[in-house]
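Subject: Handover of a structure and findings

Dear colleague,

Please find below the structure that I am handing over to you. My notes on what was found in it follow directly after.

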Amino acid sequence: GIITDGDLRRSLEENDDVRTLRASELMTPKPVTISPEHKIGQAVRLMEERKSQIAVLPVQSSEGSLLGLLRLHDVYQPHEG
């Protein structure tokens with residue numbers, strides 16, 4: 001699973017002290033992920049074309065291991081030159 005900023009904000013609305021909660025109580029248990037074979041355009045569409053946009057997308061191997069995180073902010077960095 002993953003704990004997103006949205007998970008944390010929703011939990012803060014419902015709980016007086018989130019520091020006492022377990023990660024399993026906050027997390028999104030089956031987050032949307034991509035494989036490293038996906039093209040960046042596919043990842044951006046996956047992140048943006050949703051009711052609630054995703055700002056960070058986990059990149060997962062075919063075996064289920066976390067390989068990294070793709071941040072929408074990084075994709076849209078301006079190029080210098």
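In these notes, a residue is called buried under 20% relative accessible area, exposed over 50%, and partly exposed in between, with a 1.4 Å probe and protein chains only as cover. Please note that this is a predicted model, in which local features need pLDDT of at least 70 and side-chain atom pairs count only at pLDDT 80 or more, while totals for chains, interfaces and linings use all residues. Residues are numbered from 1 along each chain as its sequence is written, and side-chain values use heavy atoms, with hydrogens and water left out.

Salt bridges

A salt bridge is taken as a side-chain nitrogen of Lys or Arg within 4 Å of a carboxyl oxygen of Asp or Glu. Asp74 counts as partly exposed because its relative accessibility is 40%. Arg71 is likewise partly exposed, since its relative accessible area is 38%.

A second salt bridge joins the side chains of Arg10 and Asp7, at 2.9 Å from N to O. These two residues lie 3 residues apart in helix H1, so about one helical turn separates them. Helices (H or I, at least four residues) and strands (E, at least two) are DSSP runs, numbered from the N terminus. Arg10 is partly exposed because its relative accessibility is 46%, whereas Asp7, at 7%, is buried.

Arg19 also forms a salt bridge, with Asp17, and the closest N and O atoms are 2.9 Å apart. Arg19 counts as exposed at 72% relative accessibility, while Asp17 counts as partly exposed at 29%.

The strand pair

Strand E1 (residues 56-60) pairs with strand E2 (residues 66-71) in the antiparallel sense, over 5 bridges. Two strands are said to pair if DSSP finds at least two bridges between them. Within E2, Arg71 stands opposite Val56. The hairpin of E1 and E2 has 5 residues between the strands, and Gly64 there takes a positive phi near 100 degrees.

The nonpolar core

A nonpolar core is a set of buried Ala, Val, Leu, Ile, Met, Phe, Trp, Tyr and Cys residues joined through side-chain atoms within 4.5 Å. The largest one has 9 residues, namely Ile34, Ala43, Val44, Met47, Ile54, Leu57, Val59, Leu70 and Leu72. At least two residues of this core come from each of helix H3 (40-48) and E1, and H3 gives the most, with 3 residues.

Contact here means heavy atoms within 4.5 Å. With neighbours within four places in sequence left aside, Val44 is in contact with Leu72, Val75 and Tyr76.

Helix H1 and the surface

Ser11 belongs to helix H1 and counts as buried, because its relative accessibility is 6%. Beyond its neighbours within four places in sequence, Ser11 is in contact with Val18, Leu21 and Leu26.

Ile3 is placed in the segment before helix H1 (5-14) and counts as partly exposed at 42% relative accessibility. Together with Leu8, Leu12 and Met27, Ile3 makes a nonpolar surface patch of about 320 Å². Patches are made of residues with over 30% relative accessible area and no salt bridge, with like charges joined within 9 Å and nonpolar side chains (Val, Leu, Ile, Met, Phe, Trp, Tyr) within 5 Å. Accessible areas come from the Shrake-Rupley method with a 1.4 Å probe, and for residues only the protein chains shown count as cover.

With kind regards
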